[in-house]
Amino acid sequence: DYWSDVNAVGDYYIRHDNVYTMKFVRHLPNLNSHLTALAQYGGPLAVFRRNDLNEESRMEIFNAVGQLITEFKWTSGNLLTMSWSSTESLVCVQTDGSVLIYQLMGGSPQLRKFYIDSKKTSSEQVASAKFYESQFGTGVAIATSTGRFLFLNGLENFSPKPLVGQENLDPVPAAWCVLAPRPSNQLGPDQIRIFVLSRGGLLLLEQNRPPASLLEPPPAEALTDLCLSLDQSLLALWSEPQRHLTVYSLASGLSASGLPAPLSRHSLAGGPDSAFVGGDGGLLRMAWCANAAVMLVWADQRCLLPTVRSDRFANRLDEFHEGEGDSGAPLLVPEFDGLRLLTAERHDLLRPLPRPVEQLFNIACVSPATVLLLAHDTISGQARTETAAYELFLTIESDADKLAAVRCCLEAARFIAWPPDQKRVLRAARTGLALLPPKYSREHRTDELCQQLRLLNNLRFNESIGLPLTHAQFSRLGLGVLIDRLLNRRLHEFAFRACELLRLSESDGQARVMMHWAECQIDTLPPLVGAGVDIGESREDAQASDALVADIVKFVGQRPGVNYARLAGKAARLNRPGLARRLLDFETRSQDQVEQLLALGSHGKALEKAVKSGDTDLIQQVLLKLHNMRSELDLAGIMRKQPVAMALYQQAYCASDPAALLDQEDRRSDLAALELRRAFDSTEAARRQELLGSAASRFTEAGLPALAKECQLAAQLLERQRKLERDLSAQQFAGLSLHATLARLLGNGSEKLAESLRREFEVPEKRWWQLQVTALAKSGRFTELRRLSERKSPIGYAPFVNACLDAGNEAEAVALLPRVEREQRVRCLCRLRRYAEAIDFASGLKTDAAYHLEYLRRHLAREEVRQPGQPVVREAAQRLRALHQTMAAGGGGV
């Protein structure tokens, strides 16, 4: 029975299956009277009804069985043609060159219109358009009424380009098709090729090249139609009036000399040698059935011609007319594994039989797979046939033949569309696996195949879905794309069960379905009246939002892969900010939650959520955005409630602009300290003076007059230093302390300037004397130092001796030694290394002798360690120890 619907066409056997009996809700006696577009992979059918006296123009979208999915009024311009993209979006091209893209469920098109050529003249119109698929997506190519060609390689980012270098073409070519960029032909995104039938011949159009003539037919013929296979490896040309079909192979590429030798040439003209006389009138349609044959359709007849010339081909397919009535010529939709034919009454599918199916069901074939299927049928038939089945099994001798039979049955099950036949072949495969060692059973598990076939059968036989995918098409699409197409049809429950059946991961399967369902539920809510995110919600709107959030949380929950932030973004785009905020309360990803809250304008809540997450990077990101979005006063108010955020803000921004935060918080003392720090970090004297004045003002405002006075004195000193630099051009004073400034003035002989500066800043007398002594000694002015020592010194005369010794003038130090006070005489003698005089002087003191002798002992001990073997030090130490022993024996102690 399975072989009865198979036709021998060339080297192939092609099976004809009636997929559906169409069930159009509205009366469509003939699809040819309307503009139609049927999608591949068993996709939807779009029917455009042009306006008549009774109704307006309408677009209707049906599934593959003819049940209405959606419809809408057509309010745009003059529709020229339409097609379905690879993502099942309806692409409509109008005569004025504009393109509109509708989603599967209809509704309004995208908010913008895309014009293929914005520079076209007012008289130029679109004559025809072709759609093609490439590695870059769905493309559109148009031919204008002036003979120009333009193309568009993607529908997402419109960037139309003209086909440069094409001139003197017919304004309206007889037929043309696009050779799209693909990895196989190594063409870039802007390197499409176009086959054009012009002036009876075949031209090849390429970017930046003149048209190339590939084929010139005999004078009596004229090429009127062409058809390119889906994989772009075969090209079929139709010529009139001789009615010749010629097939060429493009697999090896195109050469400069033209097309290669034809694979086949079929003549359908009348005559004694004619294979078939075509129908009346011109050819309506032609399409490829995989790469096995070409389908030709006239108004009253159709035929199927093989790719390669063969004596075995089906020409006239009368069985296709059975039960069609007056439905007219069918629509042809080529698939990579077959050809779909659609009329108002039937939906048929032609597919070349793969080799395993041919081996299994061909009447003239006796293969191991056929024997295995016959043995299984024998067991499944009448009782007491086990012996006959066993005898059939014995004819399959080797394990290799048995394994080949099992694989053949499994491949055939993938091709067969009728469930009873599927079960029959699968059971035969399991029977064969039972005859093989266990390892083969583990390698050829049929569970996954059974699940896939069960899914495909439900897609096909459930007429509310009407998605007749073959297993080969399902394998090429992938389960992810199939789930997307079910979601586009709002078949959420079926998609959920399909993910459950095929055991998809939670995030890729059921969670994705639930997310799409939740987005559809949000779409059903009307937007609030008004604009922006700060509009209020009425009580009814709030109740509706609460109910919807409760339903979403109940059914969606916290599955892996669920993103409430994405749902919140959807609600925000629909002008439902209240609903968006409610949804964000259930978002577990802090990053997504905070980003959406910022987008909604809930800055305080966004910062609060970021702080609760404990992620310092996230908090800093929020602070950065708020720093750029909000005023300083608002930002300070928001952060005042979040100490952690305040601390991070200070850490992040005090290095670049700390005054802004301190000024916001009215922290004047800290701001004054910051100004003071900046002043001392500055290398410019004028800038430092300005900052010191600012710091003084800040300290005054903060109620700290002492610190303010110090800043004023520092600024005053800097001013004097700048004046000194102007007067003494060879000296640099800016940035020095008051002590260093006075020392430098005294050292270079500017005593009067130093005295003036000392009086201005009220330097204490003792510090002033110390500065004078040190500066005179360092500069080598010992005469002036001696003159100064003759005056009464408030600091004593030991500093004079120390200054001379530091300057390396021991003689001057010895001369000044008699003026040194008794308390400092021992220390000065030690520095002069006059240890004997020091011991005599210390031992002769009536008071504090023990103190000075102890100082001598420690000093000599250090010198012995530092300079061992020095006679002076050794003798002095020995004498001091003897003195100690003498004083201890006399009972005086030390």
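Phenylalanine 72 and tyrosine 102 are both buried in this predicted model. They belong to a set of eleven aromatic pairs in the structure. Their ring centres are 4.7 Å apart and their planes meet at 20°, so the pair is stacked. Phenylalanine 72 sits in strand E6 (residues 68–73) and tyrosine 102 in strand E9 (residues 98–102), so the contact ties together parts that are 30 residues apart in sequence. Ring pairs also join these two residues with Phe48 and Trp74 in a cluster.

Another aromatic pair is formed by tryptophan 238 and tryptophan 298, with an edge-to-face arrangement. Tryptophan 238 lies in strand E20 (residues 234–240), while tryptophan 298 lies in the loop between strand E24 (293–297) and strand E25 (302–306); the two are 60 residues apart. Tryptophan 238 and tryptophan 298 are both buried.

| Pair | Centre to centre | Angle between planes | Arrangement |
|---|---|---|---|
| Phenylalanine 72 – tyrosine 102 | 4.7 Å | 20° | stacked |
| Tryptophan 238 – tryptophan 298 | 5.9 Å | 70° | edge-to-face |

A helix pair is described next. The axes of helix H26 (residues 765–778) and helix H28 (residues 798–806) come within 9 Å and cross at roughly 25°. H26 is therefore roughly parallel to H28, and the crossing is right-handed. On the H26 side the contact involves Trp769, Gln770, Val773 and Ala777, which meet Pro799, Phe800, Ala803 and Cys804 of H28. By class, seven of the residues in this contact are nonpolar, one is polar and none is charged.

Conventions
Residues numbered from 1 in each chain as written. Predicted model: local features only at pLDDT ≥ 70, side-chain atom pairs only at ≥ 80, totals over all residues. Heavy atoms only, no water. Axes fitted to C-alpha atoms, helices over the stretch in contact; angles between N-to-C directions. Helix = DSSP H or I, 4+ residues; strand = E, 2+ residues; numbered from the N terminus. Parallel < 35°, antiparallel > 145°, perpendicular 65-115°, else oblique. Left-handed = near helix turned anticlockwise from the far one by under 90°. Contact = heavy atoms within 4.5 Å. Nonpolar A, V, L, I, M, F, W, Y, C, P; charged D, E, K, R; others polar. Phe/Tyr/Trp six-rings, centres within 6.5 Å; stacked < 30°, edge-to-face > 60°. Buried < 20%, exposed > 50% of the residue type's maximum accessible area, 1.4 Å probe, protein only.
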